[in-house]
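Hi,

Here is the structure I said I would pass on. Have a look at it first, then read my notes below.

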Amino acid sequence: MFGFLARRLPSVVFMLLATSVIAFLLPRLAGGDPAQTIAGADATAEQVAAIRVELGLDQPVYAQYGRWLGDLLVGDLGTSLITSRPVGQLIMARLGSTLELAIAATVLMVVLGIGLGILAGSIRKGAGRAGLDGAVSVLLATPPHVTGLILILVLGITFNLLPISGEVSVLRDPLVGISLLIMPALALALPQAAMIARLIQARMYQVRQEEFVDLAIAKGVPPRRIVLSHILRNSMGTAVVATGIRVGELLAGAVVIEAIFARNGLGLMAVDAVSSRDYQVVQIVVLGAVVIAVLVHLLSEILLAALDPRIRLQ
Amino acid sequence: MTATNPTETHAGGRRRLMGEGLGRYIAALGQPKGLIGSGLLVLLVLAAVFAPILFPGGVDQQSRDSFLLPSLLHPFGTDELGRDIFVRCVYALQVSISLVIVAVPIAAVLGTLMGLSGAISGLLGEAFQRVFDIILGFPSLVLGICIVIVIGPGWLALATTIVVFSLPQFGRLARGALLSEQGREYVLAARVLGVSRPKIMIRHILPNALDPIFVQVSLSMIGGIFIEAALSIVGLGIQPPTPSLGTLLNVGIRYVYAQPMYTAGPIIMLLLLALAFNLIADALNAQVLKTRGE
């Protein structure tokens, strides 16, 4: 296991460092002078210069990066130049909303993805197969925002089953909270679930060709049992890794989904921060999104290696 | 299409017939799927190009009544200011189509060259692969936000996002072709004959990498159209008053109870565009696999 980790670690560290450099450079590439922003339009040159020294902007860029990264590692996410509040505080205020959405969407993604994948991998002919393949293809090709808007039009307007916008914490009022959560979570989950289903289906076809399946058929194992304990069991690794890869894209979808469903989460905060040029907030959200995506991906690979000795001993 | 399709291949200096390569793609579009897809696409492009002639009133022409239900005169009804939603959707096609027609080919050429660059220098090829890794690590919307911050919201930021987002897709395909072709005899023969490395890359390996890249062009167009919609819905894409499918949805979703067609109209246009490109990609893919005998 340590050998496996040692092989994977360099690329993960490289990715994290590269992302941190990009996040660090974002406010600087955006132009504008943060010292001037803080000082206000009618500050004297001396005042601006003093603030610049205070922020460390008079130092070379690599020194600024080192200080910024060091602060991050001890948990200081910086201060918003627009609202003058610590970025950590701003994020904590919105975290709950996005966390609820992300958890609901991830659960739906895993359940629907694996369920659809097993169905599509087990049914090999007939109208059911064609219908299922078509449905998965359509879901796969439709991104979350379009899925979300279609859900609003169908479930919210045409059939009037679910409320279309707003949010109530599930912890405060479970029933209303969940009814408001279903559509945005489904919208985020469906495209990724379709992707997972496709991968599991392909893997199941592949495993079906292996000799141990022939052996099981020859010795008279019932078909249902072959699918469940022979084919499926050997396809689960794909499901784990597929889930790990899709989590990042799922989280990023929250940016649009929160705007569409009027949920006051981190995605909406990021969008508002870009509009108000609050780059200190944006850079942390960008960094956070990529770091979480990379770490979840790594976690899924570790899980796979634990499940399948062939991977870690390769 | 023809700009990236070299006419010569193989060390013997035999000229590949241009018609052979291009003919297969045209034949693909003659299949039922390809015919419907390209027909639909031509229709949408013509509607977008000739929108000013078809609807000389322009996007802002108002009628007296807001939120009219769909009728023969207003197929998608009217919006909060009494403007015809169908007309605005057709004009909005101009933005989506112009974006992907400019951005995706740029990404295809750049990405392919970056992917094949390993033929010139192994180190260069590796370096570009790392760049692709970083891009792939960024979810598409996060990438869009970063680019909007640097460039500022608008058409250019959207086009750049689509280029950067699509680059690795082409780069990976080209890299795959490079790795599988690199060890073949004709490449070794060319190298022994003293053909320069850039020439081997363009004249010998590139023609063998083109098929999947053309399919990917069609697929990346779909991705680009959806990226425009996503960023414009949250207000970071095309800026009002220019109608784009995303900006229409941005406003339309606020009036979804009063006028469901305000949301459904742009969605229909998005899905029609996606369907057209999907059918074309499918047809190209089937034809390419058939002629390769796979």
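This is a predicted model: local features need pLDDT of at least 70, side-chain atom pairs count only at pLDDT 80 or more; totals for chains, interfaces and linings use all residues.

From the N terminus on, chain A runs α-α-α-α-α-α-α-α-α-α-α-α-α-α, which comes to 14 helices and zero strands. Residues are numbered from 1 along each chain as its sequence is written, and chains are lettered from A and ligands numbered from 1 in the order in which they are written.

Some overall figures for chain A. Its C-alpha trace spans about 85 × 55 × 30 Å along the principal axes. Of the 314 residues in chain A, 36% are buried. Buried means 20 or more other C-beta atoms within 10 Å of the residue's own, exposed means 12 or fewer, and partly exposed is in between, with C-beta atoms placed from the backbone. Two residues are in contact if their C-beta atoms, placed from the backbone, lie within 7 Å. Among the contacts in chain A between residues at least 6 apart in sequence, 73% join residues at least 24 apart.

Now for a helix to click on. Helix α8 of chain A (residues 174–208) has 35 residues, yet its end C-alpha atoms are only 43 Å apart, short of the 51 Å that a straight helix would reach; that expected span is 1.5 Å times one less than the number of residues. There is a bend of about 35° in α8(A) at Ile182(A), and Pro184(A) follows within four residues. The bend is the angle between axes fitted to the seven residues ending at a residue and the seven starting there.

What about the two chains together? The contact takes 37 residues from chain A and 32 residues from chain B. On the side of chain B that touches chain A, α5 (122–137), α6 (140–151), α9 (197–233) and α11 (260–291) each give two or more residues, and α6(B) has the largest share with eight residues. By class, that side of chain B has 26 nonpolar, five polar and one charged residues. Nonpolar covers Ala, Val, Leu, Ile, Met, Phe, Trp, Tyr, Cys and Pro, charged covers Asp, Glu, Lys and Arg, and the others, Gly among them, are polar.

One residue worth a look is Leu249(B), in helix α10 (residues 245–252) of chain B. Leu249(B) counts as buried because it has 28 C-beta neighbours inside 10 Å. Leaving aside neighbours within four places in sequence, its contacts include Leu149(A) from the other chain, along with Ala229(B) and Pro266(B).

Most residues other than glycine have a negative phi, and most peptide bonds are trans. The peptide bond from Pro240(B) to Pro241(B) is cis, with omega near 10°, and Pro241(B) lies in the loop between α9 and α10 of chain B. Asn160(A) has a positive phi, near 50°, and is found in the loop between α7 (144–158) and α8 of chain A. Asn160(A) counts as exposed, with 9 C-beta neighbours inside 10 Å. Phe67(B) also has a positive phi, of about 55°, and lies in the loop between α3 (51–54) and α4 (85–116) of chain B.

Cheers
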